[in-house]
Amino acid sequence: MERWKGRVALVTGASVGIGAAVTRALVQQGMRVVGCARNVDKIEKLAAECQSAGYSGTLIPYKCDLSNEEEILSMFSAIKTLHKGVDVCINNAGLAHNEPLLSGKTEGWRNMIDVNVLALSICTREAYKSMKESMGGHRLVPSADEHFYCATKYAVTALTEGIRQELREEKTHIRATCISPGIVETEFAFRHHNSDPEKAAAVYESIKCLKAEDVASAVTFVLSAPPHVQIGDVQMRPVEQVS
């Protein structure tokens, strides 16, 4: 990770869970991390914690609604102006709504597409532009209300492979990796099942789940690989997870 010290990383959805853990790990490794979310209060608190811990990197909170392309473009413009661009882009942000394929509301589907697919694609495009200037999912969960969400994650897998091929064809030497974790104990289930907290809690009580820090370790593992090594996909899940 030595070669990444002082470099700039963008982490989307950096306020809680996996995003916060990845952000902390990268700041600890000496990177300048722009952490974005719709609400930056928790990111500001995390920035203070990193500073108090004496981490060699810095955390820059940035308020951004990823469902709004203009806000994404404005964020990348600010990063270019203030930090001369992005070296690493961690597309972590994602959400799920209880909207089954046969009875779900279009608004919920559209919001998942906007954040899980379009925002990821826009951030990747803008990060690539920045890098160029300076140099779906693998499983289907059984619950019907998550089928559309799973479709957006399958899209991410296909998009990542497409991105990787285009980067190779352009001879950029920019690497693209898809990290696909299983059940991670974060706030995700409680947001997903916001009307049924008992159901949300049961998701994490049935087995020993992954921690956000486990995913953060995977991110630093990928970044620490030699420049000629392309780690295409990382699939990780709890030992006890069935599917």
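Leaving out neighbours within four places in sequence, Leu 26 is in contact (heavy atoms within 4.5 Å) with Met 1, Ala 9, Val 11, Met 31, Val 33, Ile 90, Val 219, Thr 220 and Leu 223. This is a predicted model, where local features need pLDDT of at least 70, side-chain atom pairs count only at pLDDT 80 or more, and totals for chains, interfaces and linings use all residues. Residues are numbered from 1 along each chain as its sequence is written, and side-chain values use heavy atoms, leaving out hydrogens and water.

Leu 26, Val 22 and Val 33 have the most contacts inside the largest nonpolar core, which has 36 residues. Such a core is a set of buried Ala, Val, Leu, Ile, Met, Phe, Trp, Tyr and Cys residues joined through side-chain atoms within 4.5 Å; buried means under 20% relative accessible area, with a 1.4 Å probe and protein chains only. A second, separate core has 21 residues, including Leu 66 and Ile 122.

Now the strands. Helices (H or I, at least four residues) and strands (E, at least two) are DSSP runs, numbered from the N terminus. In E2, five of six residues are buried. E1 and E2 run parallel, joined by five bridges; strands pair if DSSP finds at least two bridges between them. Leu 10 sits opposite Val 34 in E2. From E1 the chain passes through H1 to E2, a right-handed β-α-β crossover: with the strands pointing away from the viewer, the path from the first strand over the helix to the second runs clockwise.

E2 also pairs with E3, residues 58–63, in the parallel sense over six bridges.

Key
Buried means under 20% relative accessible area, exposed over 50%, partly exposed in between (1.4 Å probe, protein chains only).
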